[in-house]
Amino acid sequence: MHNPPRTSRRTTLTQAQLSARSLARAKRAALRRRTRRIRRTVAGFTASLFAAAFLGVYVQLASGHDPALSAASKRNNPSSLTASVASTSGSSKAKAEAQRAARKRAAAKRAAERKAAAAKRKAAEDAAAGAGAVESTSEEANAEGASSESSSSSSSTTGESSSSSSSTTGESSGGESSAGEPSPVSTSQS
Amino acid sequence: MNQALIATAAGPHLYWITSRAAGIAALILSSLAVCLGLLMGGRLSKRRGPDLRVAHEALSLATLAALAVHGLTLLGDGFLHPSLGEVSVPFLSGYKTFWTTTGIVAFWALALLGLSYYARARIGVQRWRRLHRFTALAWALGVAHSLGEGTDAGQTWFLAMTTLAVLPALGLLLTRWLATPRGAQAQPSS
């Protein structure tokens, strides 16, 4: 079998397909270029998107307007505690901690108030006791002069001291003696 | 002086800022990728098919890269201190477990469904097309994660940006769903 000369075949093939091959090659190259361009565009878009988001969040945080950090700072500031708990959209952990801190603060406040009231009461009792002692000594001195009214005056002093102390502490049983009877002071004065 | 102050204030939060920025970028990139995918699959755009495919592929890969940065940079965060398991395995994180799990599931679904493109000859083209439709579901999970757990989810700018990114994709998804006859939904779109 005789093959045609290689050179002539090659020449005919090249002549027939040269334009098509070059066209295909050009199209492939164009597609590759376009693909590369699209990938570069997407990569650039991604990088710029990330940079913009980073910058935005960074500036927001640095300027003190970050939602999570502002919630944390409000948590540390007791005056705006309720507002922070109600309005912020921060983490639930932060809210729980803020509520716990608020409860702790309220309990401490109540304890301090109770302590102050107790101290006040004690001071008033001490003052009343001191006044009662002074009054009783003066009454005793008067009683020496008037022996007929000694028994009633002594009872009145005890009654007066108890009523004065009860008025300062605000107790309801102040008008009565320890035995539960009406105070002799009120009866004698009235 | 001010710049130094800002750098000092935001310095400890660099990992956190990076993670947030990557999450924002991933949200926008994934929405764009879903839009292009729906345009191609639903034959809504007749022109420049190869360009759309290249752009869709590049955007999908950029989304996966941004999601990897989003998760991995959290490992360096000084407040959360999560382990690799907590940012990659569902239900392991103690911080907002439901929303964190939603994000992790969305990431793995996006990664598997997206990268399965390179194994579609082995999977079978028609089966791969059916599987690839679930990418929209994974994207929706990601959007839910950003709105449920995102630090900026309560901010107006974030909500506006999410609306701008998500609404076109939702519209295209709805158009595709309504345009596809019920009997033909199991068939491949092309």
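**Confidence, interface and core**

Analyst: This is a predicted model, and its chain B averages a pLDDT of 87, with 87% of the residues scoring at least 70. Over residues 186-190 of chain B, however, the pLDDT is below 50, and beyond near neighbours in sequence this stretch has five contacts in the model. For the complex, the predictor gives an ipTM of 0.87 and a pTM of 0.63.

User: How do you know which residues of chain A and chain B are in contact?

Analyst: Two residues are in contact if their C-beta atoms lie within 7 Å, and by that test 18 residues of chain A are in contact with 26 residues of chain B. On the side of chain A that touches chain B, the largest share, 15 residues, comes from α1(A), and by class this side has 13 nonpolar, three polar and two charged residues.

User: What makes a set of residues a nonpolar core, and how many residues has the largest one?

Analyst: Such a core joins buried nonpolar residues through C-beta atoms within 7 Å, and the largest has 45 residues, with Ala21(B), Ile28(B) and Leu59(B) among those that have the most contacts inside it.

User: Which residues does Leu59(B) touch?

Analyst: Not counting residues up to four places away in sequence, Leu59(B) touches Val42(A) in chain A, and in chain B Leu29(B), Leu32(B), Ala33(B) and Leu36(B).

Key. Residues numbered from 1 in each chain as written. Chains lettered and ligands numbered in written order. Predicted model: local features only at pLDDT ≥ 70, side-chain atom pairs only at ≥ 80, totals over all residues. pLDDT = per-residue confidence, 0-100. Helix = DSSP H or I, 4+ residues; strand = E, 2+ residues; numbered from the N terminus. Nonpolar A, V, L, I, M, F, W, Y, C, P; charged D, E, K, R; others polar. Buried ≥ 20, exposed ≤ 12 C-beta atoms within 10 Å, placed from the backbone.
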